[in-house]
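Keep the viewer open as you read.

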Amino acid sequence: MYKCFRVKKLIVPVIIILCIAFFFMGKKLFSIAYPEEKPVKLPVIMYHSIYTDSPSEYAVTPQQLENDMKWLHDNGYKTVSAQNLCDYVFNNGSLPEKCVMITLDDGYYNNMQILPLLEKYDMCAVISIVGKYTDEYAENDPHNLNYSYLTWKDVNDLLDSGRVEIGNHTYDMHSLYNGRKGCAKNASESENNYVSAISADISLMQEKIRENTGISPFIFTYPFGAVSPESRSVLRENGFLITFTCRELPNYITRDPKSLLGTGRFNRSGVYSTEEFMEKYIAHD
Ligand SMILES: [Zn+2]
């Protein structure tokens, strides 16, 4: 009777200990079967003009551009597209181990020079255009490599290559005036006024791109990297899934859609050689 009572007393703690042990063993086995996914490091390079003669903070020469692409290729980097990123986040897709993204801002006509290089090195790029430049400036100018902007025909040629995606860089907010930096909120305006100003500009640009190319961009590039928290809901409503800033940091992409927002980029200043730039911003952990 006494012995039986002692055994009964022991059963409960033994069951608890076994439950705890199975719980931890189960967790361990699960983590072996399904190892936790590490975020994918994604450095993004931001180019502007591909200027024939002199390099500057916002211009590289065609030779520098090719040197960069060769360096990335020879060092095992694979370019990823914005679509690849969305497939990874939303459709359980995969990304290469050493990935990098090439972006070019403002829609200079000289960006057309990247096309043969994308073919040569089997790469892709995102070009973010400013509506007003393409609509008003480019249509009548002579396709000068030093100062012209892309026309809608050029934009369509880039899209037809299958190697370039187009981002929205605002219709007419790529400027610094009236105390506003790009499409950021002006300190003196009300939130309502700000939201209607940015909504009107961004939806006009989406409409223009749709009208002229048939695509609806899901990439938004903040002019000057100037971000206002109030812009986020407007961008969401306009269907943007990826937003680019100028924060000079690498990105860590997870399956969380938020990891595609506020994406940092490294400005590719032409004052660096390829090796200097890549060592400084891309190659290290
Ligand atoms: Zn810009």
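A nonpolar core is a set of buried Ala, Val, Leu, Ile, Met, Phe, Trp, Tyr and Cys residues joined through C-beta atoms within 7 Å. With that in hand, please note that this is a predicted model. In its largest nonpolar core, which has 60 residues, the members touching the most others are Ile45, Leu85, Ala125, Ile127 and Ile242. In soluble globular proteins, nonpolar side chains tend to be buried together. Leucine 85 shows some of this packing: beyond its neighbours within four places in sequence, it contacts Val80, Ile242, Ile253 and Leu260.

**The chain as a whole**

The chain holds nine helices and 14 strands. Of its 285 residues, 35% are buried. Among contacts with a separation of 6 or more, 63% are between residues 24 or more positions apart.

**Strands**

Strand β2, residues 44-47, is covered on both faces. Val44 and Met46 lie on one side, Ile45 and Tyr47 on the other, and all are buried. One is strand β6 (residues 99-106), which pairs with β2 in the parallel sense over four bridges; within β6, leucine 104 is the bridge partner of tyrosine 47. The other is strand β14 (residues 266-267), joined to β2 by two bridges and also running parallel. There, methionine 46 stands opposite asparagine 267.

Now turn to strand β8, residues 164-168, where five of five residues are buried. Val164, Ile166 and Asn168 point one way, while Glu165 and Gly167 point the other way. Strand β7 (residues 125-129) runs parallel to β8, and five bridges join the two. Valine 126 has glutamate 165 as its bridge partner in β8.

**Helices**

Which residues of helix α6 are buried? In this helix, residues 152-160, they are Asp154, Val155 and Leu158. Viewed down the axis of α6, these buried residues fall within an arc of 100°, so they line one face of the helix. Lys153 and Asp160, on the other side of α6, are exposed. An α-helix has 3.6 residues a turn, so residues three or four places apart point the same way.

The buried residues of α7 are Ile198, Asp201, Ile202, Met205, Gln206 and Ile209.

Both helices are followed by a glycine with positive phi: glycine 162 after α6, near 75°, and glycine 214 after α7, near 85°.

Most residues other than glycine have a negative phi, and most peptide bonds are trans.

| Residue | Phi |
|---|---|
| Aspartate 106 | near 90° |
| Aspartate 122 | near 55° |

Valine 130 is found in the loop between β7 and α5 (131-138). It counts as buried because 24 C-beta neighbours lie inside 10 Å. Which residues does valine 130 contact, leaving aside its neighbours within four places in sequence? They are Asp106, Gly107, His169, Thr170 and His174.

A second pair involves histidine 73, in helix α2 (residues 62-74). Histidine 73 is partly exposed because 15 other C-beta atoms lie within 10 Å. Histidine 73 and methionine 123 are 50 residues apart in sequence, and their C-alpha atoms are 8.9 Å apart in space.

Terms used: Residues numbered from 1 in each chain as written. Predicted model: local features only at pLDDT ≥ 70, side-chain atom pairs only at ≥ 80, totals over all residues. Buried ≥ 20, exposed ≤ 12 C-beta atoms within 10 Å, placed from the backbone. Arc of directions from axis to C-beta. Pairing = 2+ DSSP bridges. Contact = placed C-beta atoms within 7 Å.
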